[in-house]
Amino acid sequence: MIPVYTLTLAPSLDSATVTPQIYPEGKLRCTAPVFEPGGGGINVARAISHLGGNATALFPAGGATGEHLTALLKEENVAVDAIVSQDWTRQNLHVHVETSGEQYRFVMPGAHLTSDEFRQLEEKVLAAEPGALLVISGSLPPGVALDDFTQLIQRAREQGLRCVIDSSGDALAAALEIGGIELVKPNQKELAALVGRDLTQPDDVRQAAQELVRDGKAKRVVVSLGPQGALGVDEKECVQVVPPPVKSQSTVGAGDSMVGAMTLKLAQQASLLDMVRYGVAAGSAATLNQGTRLCSRENTEKIYQYLQS
């Protein structure tokens with residue numbers, strides 16, 4: 001299998017809890033929190049590990065929260081290659097309300113990265129072997145300019161790394177301007193922003209995704225379509241995979257699970273259809289869980305087998 005590395009510039013220590021109801025000012029009695037690693041690239045590495053693959057997670061870790069995050073990853077047998085940051089790793093909170101089924105996600109800003117800390121992470125990226133897959137996922141933390149981000153991708157490409165980008169807004173647009181990105185996974189709104197027009201007609205999404213491939217910005221574009229699954233495009237074909245109806249408990253982690261599963265198939269040099277099927281299966285499997293839990297291998301394989309039938 002092709003080696004896989006993930007880069008997370010704004011990791012987090014995520015905690016999830018349940019409360020009977022939410023109302024202002026009163027004390028909200030909660031269940032004991034469940035702590036899990038968080039951050040786009042970290043979750044992608046975790047999903048790959050859950051699905052039986054291997055990926056090395058590159059990220060900054062600071063303070064007691066950073067130590068806790070690193071320890072949790074090691075407990076999950078995820079390979080870790082972290083640098084020490086001065087600022088403590090952020091801690092996010094996910095609250096599930098028992099009576100209403102509502103979910104509240106309190107997301108803190110990422111820890112500030114100094115220029116030296118960013119340089120250390122860049123050195124770890126550039127030490128990866130040529131031909132390896134590099135998944136860059138998540139938001140940019142304070143201290144990291146867009147130019148720094150794009151320069152890192154450019155250098156990684158020059159080093160022979162095959163980049164998978166799961167970001168949004170200016171960061172995603174800037175990455176695609178570099179060109180030659182192995183895989184991107186925008187949603188329909190993000191895709192519309194990338195091509196600069198509304199996607200309202202039935203065939204607009206396919207045409208917009210093919211435009212990114214035709215212009216050399218990405219080799220594969222997989223557009224997540226929520227309950228309608230995903231549409232995948234490369235230079236040769238276009239496929240759509242619709243998931244089976246499942247009772248969704250939480251959408252947290254579905255996107256990262258999908259990217260992890262697709263990256264694993266990409267590392268195994270699978271076809272576009274197989275890659276999208278496995279990604280949709282993993283994303284659907286993640287929604288079966290409450291809180292911040294990712295896909296399980298058992299549920300992913302069940303849904304994957306269903307999609308193949």
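In what order do the four strands of the open sheet lie? The order is β3-β2-β6-β7, with mixed pairing. Strands here are DSSP runs of E of at least two residues and helices are runs of H or I of at least four, numbered from the N terminus; two strands pair if DSSP finds at least two bridges between them. This is a predicted model, in which local features need pLDDT of at least 70 and side-chain atom pairs count only at pLDDT 80 or more, while totals for chains, interfaces and linings use all residues. Residues are numbered from 1 along each chain as its sequence is written, and side-chain values use heavy atoms, with hydrogens and water left out.

The edges of the sheet are β3 (34-38) and β7 (103-106), each of which pairs on one side only. From one strand to the next the twist averages 20 degrees. Strand β2 (residues 12-19) runs antiparallel to β3, and five bridges join the two; S12 has G38 of β3 as its bridge partner. Helix α2 (residues 63-75) packs on this sheet and touches β2, β3 and β6 (90-97), where contact means heavy atoms within 4.5 Å. The direction of α2 makes about 90 degrees with that of β3; such angles run from 0 to 180 degrees between N-to-C directions, and axes are lines fitted to C-alpha atoms, for helices over the stretch in contact.

E25, in the loop between β2 and β3, has a positive phi of about 75 degrees although it is not a glycine. N77, in the loop between α2 and β5 (79-84), likewise is not a glycine and has a positive phi, of about 60 degrees. E25 is exposed at 84% relative accessibility, and N77 is exposed at 65%. Exposed means over 50% relative accessible area, buried under 20%, and partly exposed in between, with a 1.4 Å probe and protein chains only.

Another strand pair is formed by β8 (133-137) and β9 (residues 162-166). These strands pair in the parallel sense over five bridges, and V135 stands opposite V164 in β9. Five of the five residues of β9 are buried, so this strand is largely enclosed by the rest of the structure. R162, V164 and D166 point one way from β9, while C163 and I165 point the other way.

The next topic is a helix pair. The axes of α4 (residues 146-158) and α5 (residues 169-178) come within 10 Å and cross at roughly 35 degrees. In the contact, L146, F149, T150, I153 and Q154 of α4 meet D170, A171, A174, A175 and I178 of α5.

In soluble globular proteins, nonpolar side chains tend to be buried together. A nonpolar core is a set of buried Ala, Val, Leu, Ile, Met, Phe, Trp, Tyr and Cys residues joined through side-chain atoms within 4.5 Å. The largest such core has 45 residues, and V222, M275 and V276 have the most contacts inside it. Elements that give two or more residues to this core include α1 (40-50), β4 (56-61), α2 and β8. The largest share, nine residues, comes from α9. Leaving aside residues up to four places away in sequence, V276 touches V222, A230, G232, V239 and V241. A second, separate core has 43 residues, among them A128, A192, V195 and V213.
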